[in-house]
Amino acid sequence: MALYDSNQHRSILTSRERQIFQLLVEDHSTKEISIQLSISEKTVRNHISNTIQKLGVSGRSQAIVELLRLGELSLN
């Protein structure tokens, strides 16, 4: 019988998606995020779109609210 470790959390986000959404929460633009992470703006938008699809929401704002609710992001 496997024991459940409540401290272990399996994220629905990749580490890159988490980085991007944390920067969005901190009010960075897509362009600023692309510069900071050394990736293209298109790649940033793709990560955002993938996350929105995973969550089944209709936009960035709803995704952020849902990720906060799920404990995937924090307001620091």
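Trainee: Glu-72, buried or exposed?
Mentor: Buried. Glu-72 has 6% relative accessibility. Keep in mind that this is a predicted model.

Trainee: Which residue does Glu-72 meet in a salt bridge?
Mentor: Arg-18. The N to O distance is 2.7 Å.

Trainee: Where do Arg-18 and Glu-72 lie?
Mentor: Arg-18 is in helix α1, and Glu-72 is in the segment after α4 (60–70). The pair therefore ties together parts 54 residues apart in sequence.

Trainee: And how accessible is Arg-18?
Mentor: Arg-18 is partly exposed, at 28% relative accessible area.

Trainee: Zooming out. How many salt bridges does a search of the whole structure find?
Mentor: Three. Another one pairs Glu-17 with Lys-54, at 2.6 Å from N to O.

Trainee: What does the Glu-17 and Lys-54 pair tie together?
Mentor: Parts that are 37 residues apart in sequence, because Glu-17 sits in helix α1 (residues 15–25) and Lys-54 in helix α3 (residues 41–55).

Trainee: Is Glu-17 buried or exposed?
Mentor: Buried, at 3% relative accessibility.

Trainee: Switching to helix α4. Which residue forms a salt bridge with Glu-66?
Mentor: Arg-69. Their closest N and O atoms are 2.6 Å apart.

Trainee: How many residues apart are Glu-66 and Arg-69?
Mentor: Three, about one turn of the helix; both lie in α4.

Trainee: Arg-69, buried or exposed?
Mentor: Exposed. The relative accessible area of Arg-69 is 60%.

Terms used:
Residues numbered from 1 in each chain as written. Predicted model: local features only at pLDDT ≥ 70, side-chain atom pairs only at ≥ 80, totals over all residues. Heavy atoms only, no water. Salt bridge = Lys/Arg side-chain N within 4 Å of Asp/Glu carboxyl O. Helix = DSSP H or I, 4+ residues; strand = E, 2+ residues; numbered from the N terminus. Buried < 20%, exposed > 50% of the residue type's maximum accessible area, 1.4 Å probe, protein only.
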